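Work through the exercises below with the structure open. Try each task before reading its solution.

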Amino acid sequence: MTPANNVPALANFEKAFRPRSVAVIGASDDATRISGRALHYLIRAGYRGEIYPVNHRRATVQGLRAYPTLADVPQTPDIALIALPSRLLEGALTECLEQGVGAAVVYAAGFAETGSDGGALQGRLAAIAAAGDIRLFGPNCLGLLHTDSGFAGTFSSAFDTALPTPGGAAIVSQSGAYGGHLAYLCEKRGIGVGYWVSTGNEAGTDVADCIHWLALQDDVSVILAYAEGIRDGDSFRAALRAAHDHRKPVVFMKVGQSAAGATAAQSHTASLAGADAVFDGLCAQYGVYRAQTTQEQVDVAYAAVRGRFPSGRSLGIITVSGGFGVQLCDAAERGVLEVTPLAESGRAKLRALNPMGSDDNPCDTTAGWLNDMSLITKTFDVMYSDGGYDSIIGSFTMLPDSLTYGAEIRTAIGAGTREFLDRPTALCMEARPEVVRAYESDGFLVFDDSERAVTALAALAYFVEHFDTPIASHRKRTTRVDLGGEPLSERAAQQILADAGIPFPASTVVTHPDDVAKAAADLGFPLVMKIVSPDIAHKTEIGGVILDVEDEAQASAAYLTLLERANAAVPGARIEGVLLGVMCPKGVETIVGVTNDPAFGPTVMFGLGGMQAELFRDVAFRVGELDHAEAVNLIREIKGYPLLTGFRGAAPADVDALADLLVAVSRFAVTHADQLDSLDLNPVLVLEEGRGALALDALITVRTTS
């Protein structure tokens, strides 16, 4: 087992999940009560450590000797399960501190979820635990368990019948009810669960802490997680990185969406960035699979826990009916799996093998194989050997459940895949539970629906792609400058960002009408002219931008027009002058921005630019500093990416230059995280390949001093 001692923040997790002794404070003799259920579960599960019920009113509890106080227990327990009302908890936890207990679980509710008084009590519990280095779970949680040792520190009704079957899955949930539901579904699906934990109000231990520790455990194959919110963005990212680096798939259910906040009125980026969108970007950054439904979460965990992953996204399809093949092809397109044609050598073999069937991918075997089961064996062998597919889905309807053919079908499929057990083979079928279990024991993934099978295989490919891509660990900051506490004009923002390595077109600011003609002539025509004011964030909305200025006379007239429009639209606005800039050649308009997420800090956004940004919301996010490779991944994530690669005969755009710009933006944002609310570069014009990318407009929203 991998120890957690090398991660100081994860101290005493070993005592929490694999304790050698347990004290149950407030233990009840009634196994139906919350205060009696954990003790009942421990006894029933055959927990192999020492159990010490603490109850000052009884000599025995559920057949075990009871102790009046924790101090009376003959040894210091590794963990205390505290089943007391909230008014007694400070005293109980203080006693744990005094006795040197390593971990504690507080089941009681009535804390931060109830208001300020409950929040204050929760804070006092957290302080006591921190003072004694107690690994605290809860309050308002259902506890935790480790099935292999029989440790059941929970009262969840999900375990009324028995603890889960031991296995490689670990469940981490803020909601105890949802976590229990997941454990129940995993048991029903045949997924062994080795670890289960409910974090509740997270006064001491949160979802991130649990994911981090579980990622270091050799007997964990997949982590199922549920959260409504993230308490500490830095520790959460560290946990996801640990899972990535140890190749532990994380299948996450994150609920809840939120608006971006008060900066939305000023910033396009902020109006597009809700907590939900940022979390999506974080998952993509660290290779976490975000499930949209509970069924999807369980399906993906079911596939991942077996540890057989495809090398790529190519998918072979074998069916007994052409209709199922079409259905699987449609699902594969949605799941971004590649149903590539079979090599000609394989097609020739299929034609010779089964003239009545099809000779390509998907391969429809028709019903002829029922007379000769070896056709199925040989078809699988040809598809894998000649097709080289990373995974195969076989669709056999209800035939594996047949009393006439069932046993022979299983034997034939097993023989055809025996040499290819290094990759996942999924079977779509309807069959009795014992038939499904038999196929699973042979190493197959079994689904009753084509879409679910494809989704699970696509998730496995997603994990491999991310595990094989290192997460950059270097940190290169830009030179730090004081952004001040007041709004910045576009010109001021451009100067600051240009020094940070972000490219802009050539421009100058004119403050007097007599200087316009010469400045325009020096830059060259055509020009764009814009009002410059820290009080006018969106210039186009007041007519503060004039394009295609062709000569000096137009430039002089445009200068006066812009001043008039600004004074009329925003009386009293501070006017710093008029910006004259060269008109750029045609390119693809994109938007690049930063929002300062409350949990995760500086978050970079990328998407289509101009008005399309808010119209189509085709944007993607990454958290913190990017390297070039991750910036390219971000660019590729949007639906509009084909516009940058030469859509309908257009020249490819300079994606590398755009990625460099994104890296520079991310470094600037991280360097100035304490001063920056948001940043917009809209549009960023991406020129033809080799010609660069230019930010045409800049808006920095700083944290005000008021």
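**Exercise 1. A helix pair and its contact**

Which residues in α12 meet which residues in α13?

Solution. The model is predicted, so side-chain atom pairs count only at pLDDT 80 or more.

- Step 1. Locate the helices. Helix α12 covers residues 344-353, and helix α13 covers residues 374-387.
- Step 2. List the α12 side. Ser345, Gly346, Lys349, Leu350 and Leu353 take part.
- Step 3. List the α13 side. Leu375, Lys378, Thr379, Val382, Met383 and Asp386 are the partners.
- Step 4. Sort by class. The contact of α12 with α13 has 5 nonpolar, 3 polar and 3 charged residues.
- Step 5. Get the geometry. The axes of α12 and α13 come within 9 Å and cross at roughly 170°. An angle over 145 degrees counts as roughly antiparallel. Therefore α12 is roughly antiparallel to α13.

**Exercise 2. A second pair**

Describe how α6 and α7 pack: angle, distance, handedness and contact residues.

Solution. Two packed helices are described by the angle between their axes and the distance between the axes.

- Step 1. Take the ranges. Helix α6 is residues 207-215, and helix α7 is residues 233-245.
- Step 2. Read off the numbers. The packing angle is about 20°, and the axes are 8 Å apart.
- Step 3. Classify. Angles under 35 degrees count as roughly parallel, so α6 and α7 are roughly parallel to each other.
- Step 4. Assign the hand. The crossing of α6 past α7 is left-handed.
- Step 5. Name the contacts. From α6 come Ala208, Ile211, His212 and Ala215. From α7 come Ser235, Phe236, Ala238, Ala239, Ala242 and Ala243.
- Step 6. Count by class. The contact of α6 with α7 has 8 nonpolar residues, 2 polar ones and no charged ones.

**Exercise 3. A third pair**

Solution. 

- Step 1. Helix α18 spans residues 516-523, and helix α19 spans residues 552-569.
- Step 2. Their axes cross at roughly 125° and come within 9 Å.
- Step 3. Roughly perpendicular runs from 65 to 115 degrees, and roughly antiparallel begins over 145.
- Step 4. The crossing of α18 and α19 is right-handed.
- Step 5. Val516, Ala517, Ala520 and Ala521 of α18 make the contact with Glu552, Ala555, Ser556 and Tyr559 of α19.
- Step 6. By class, the contact of α18 with α19 has 6 nonpolar, 1 polar and 1 charged residues.

**Exercise 4. Backbone exceptions**

Solution. Most residues other than glycine have a negative phi, and most peptide bonds are trans.

- Step 1. The bond from Asn361 to Pro362 is cis, with omega near 5°. Pro362 lies in the loop between α12 and β16 (363-364).
- Step 2. The bond from Asn682 to Pro683 is also cis, with omega near 5°. Pro683 is in strand β27 (residues 676-686).
- Step 3. Gln62 has a positive phi, near 50°. Gln62 is in the loop between β3 (60-61) and β4 (64-65). At 19% relative accessibility, Gln62 counts as buried.
- Step 4. Asp133 has a positive phi of about 55°. Asp133 lies in the loop between α4 (116-131) and β7 (135-137). At 57% relative accessibility, Asp133 counts as exposed.

**Exercise 5. The whole chain**

How many helices and strands does the protein chain have?

Solution. 

- Step 1. The protein chain has 22 helices and 29 strands.
- Step 2. Of its 706 residues, 56% count as buried.
- Step 3. The C-alpha trace spans about 95 × 80 × 35 Å along its principal axes.

Notes: Residues are numbered from 1 along each chain as its sequence is written. This is a predicted model: local features need pLDDT of at least 70, side-chain atom pairs count only at pLDDT 80 or more; totals for chains, interfaces and linings use all residues. Side-chain values use heavy atoms; hydrogens and water are left out. Axes are lines fitted to C-alpha atoms, for helices over the stretch in contact, and angles run from 0 to 180 degrees between N-to-C directions. Helices (H or I, at least four residues) and strands (E, at least two) are DSSP runs, numbered from the N terminus. A crossing is left-handed if the near helix is turned anticlockwise from the far one by less than a right angle, and right-handed if clockwise. Contact means heavy atoms within 4.5 Å. Ala, Val, Leu, Ile, Met, Phe, Trp, Tyr, Cys and Pro count as nonpolar, Asp, Glu, Lys and Arg as charged, and the others, Gly among them, as polar. Buried means under 20% relative accessible area, exposed over 50%, partly exposed in between (1.4 Å probe, protein chains only).
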